[in-house]
Amino acid sequence: MGRAVAGLFTSVAAFRRPTLFGAIIALLTMIGVQMLASEPSRAQTNDTTKRVTFTTVTLGGESIEVGIYRPRGCKGDRLLFVFHGYERDAGSYLRSARRIARELCMTVVAPRLNQERFPSWRYQRAGVGRGAAGIEQTHSLGPLIAELVDWARTNVTKPDADYVLFGHSAGAQMLSRVAAYHPLPGPLRIVIANPSSHVAPSLKERVPYGFRAAGAPPLESELLKRYLAQPITLYLGSDDVGEFRLLKNRAAQRQGTNRLERGRAIYQQAVRISAQNGWTLNWRLVEAPGIGHSGRGMLRAPEAAAAISPGPAQP
């Protein structure tokens with residue numbers, strides 16, 4: 001465009017004053033056309049933003065900000081609930097989930113559970129304390145998540161819409177405990193991505209890291225059996241082997257030295273105990289090559305579809 005402008009000004013010098021005005025108008029028009037042609041992404045970005053909305057919802061008597069994204073042209077009613085990590089950056093997770101939402105034709109619902117009202121004991125540990133009394137305590141997140149699902153079904157899609165739960169890092173720790181102690185009715189998949197700790201499928205590990213002291217021995221076994229039957233995906237980044245914000249208490253350390261090792265060990269433990277007891281195992285193990293501790297990376301990896309999609313457990 002620089003040579004075209006220089007040429008135009010050379011031509012202008014050969015004209016009288018009235019012609020100069022017309023040449024300037026022509027120059028400005030040409031520049032404007034080229035600017036419009038070079039910025040198609042701006043209109044697309046604005047269009048995408050219009051399909052992302054944030055609203056405040058009252059759940060369990062608390063006001064919670066919820067982000068919603070519905071892909072253009074998506075006729076389906078399935079919901080994808082995305083639970084953020086430690087930073088509580090629901091908006092970032094919502095944006096990262098847009099690609100997989102378009103691919104699978106799902107509406108994303110991303111609540112923001114802030115640090116002030118949902119500190120680690122209430123978010124990562126889902127409000128579950130030690131022992132049977134801890135499972136039943138009033139601050140458990142299980143009922144609140146169930147209420148969020150009901151709200152989204154009623155107000156966003158339809159009352160019987162299918163849904164998937166996806167949690168990363170801190171959100172994955174929370175979903176692990178909800179699945180173990182307060183399972184929701186009928187999720188297609190519960191995706192537990194890169195958590196710092198899991199609920200181990202163990203009768204030796206105490207609540208909230210296992211099922212010991214969850215109740216009388218027969219109840220403990222029934223809770224564990226139910227946990228293994230949940231449609232859980234352990235979704236791991238193959239490069240998530242660092243120690244950044246890695247939980248290091250004794251129960252977590254017994255699961256492994258990093259998130260990748262812990263996820264693999266928990267899955268193998270689930271395979272063993274289900275086989276030993278003849279119980280149904282509806283878990284799936286999916287790994288994303290080259291991805292570290294990144295919610296964006298996990299949601300945008302090609303393997304995200306295998307982690308989220310409904311279907312049979314891994315053979």
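Biologist: Hi! Which side chains meet Asp-240 in a salt bridge?

Modeller: Arg-259 does: in this predicted model, the side chains of Asp-240 and Arg-259 form a salt bridge at 3.8 Å, N to O. Asp-240 sits in the loop between S7 and H10 while Arg-259 belongs to helix H11, so the pair ties together parts 19 residues apart in sequence.

Biologist: Are Asp-240 and Arg-259 buried or exposed?

Modeller: Both Asp-240 and Arg-259 are buried.

Biologist: And how many salt bridges does the count come to?

Modeller: Nine. One of them joins the side chains of Glu-205 and Arg-254, at 2.6 Å from N to O. Glu-205 is in the loop between S6 and helix H9 (217-228), and Arg-254 is in the loop between helix H10 (250-253) and helix H11 (259-277), so this pair ties together parts 49 residues apart in sequence.

Biologist: What about burial for Glu-205?

Modeller: Glu-205 is buried, with a relative accessible area of 15%, whereas Arg-254 is exposed at 54%.

Biologist: Changing topic, what order do the strands of the sheet take?

Modeller: Eight strands make an open sheet, ordered S1-S2-S4-S3-S5-S6-S7-S8, with mixed pairing. S1 (52-59) and S8 (284-288) are at the edges with a single partner strand each, so one side of each has no neighbour in the sheet. From one strand to the next, the twist averages 25°.

Biologist: In which sense do S6 and S7 pair?

Modeller: Parallel, over four bridges. Val-191 stands opposite Thr-233 in S7.

Biologist: Which strands does helix H8 lie across?

Modeller: Helix H8 (residues 170-181) lies across S3, S5, S6 and S7, and runs at about 130° to S5.

Key:
Residues are numbered from 1 along each chain as its sequence is written. This is a predicted model: local features need pLDDT of at least 70, side-chain atom pairs count only at pLDDT 80 or more; totals for chains, interfaces and linings use all residues. Side-chain values use heavy atoms; hydrogens and water are left out. Two strands pair if DSSP finds at least two bridges between them. Helices (H or I, at least four residues) and strands (E, at least two) are DSSP runs, numbered from the N terminus. Axes are lines fitted to C-alpha atoms, for helices over the stretch in contact, and angles run from 0 to 180 degrees between N-to-C directions. Contact means heavy atoms within 4.5 Å. A salt bridge is a side-chain nitrogen of Lys or Arg within 4 Å of a carboxyl oxygen of Asp or Glu. Buried means under 20% relative accessible area, exposed over 50%, partly exposed in between (1.4 Å probe, protein chains only).
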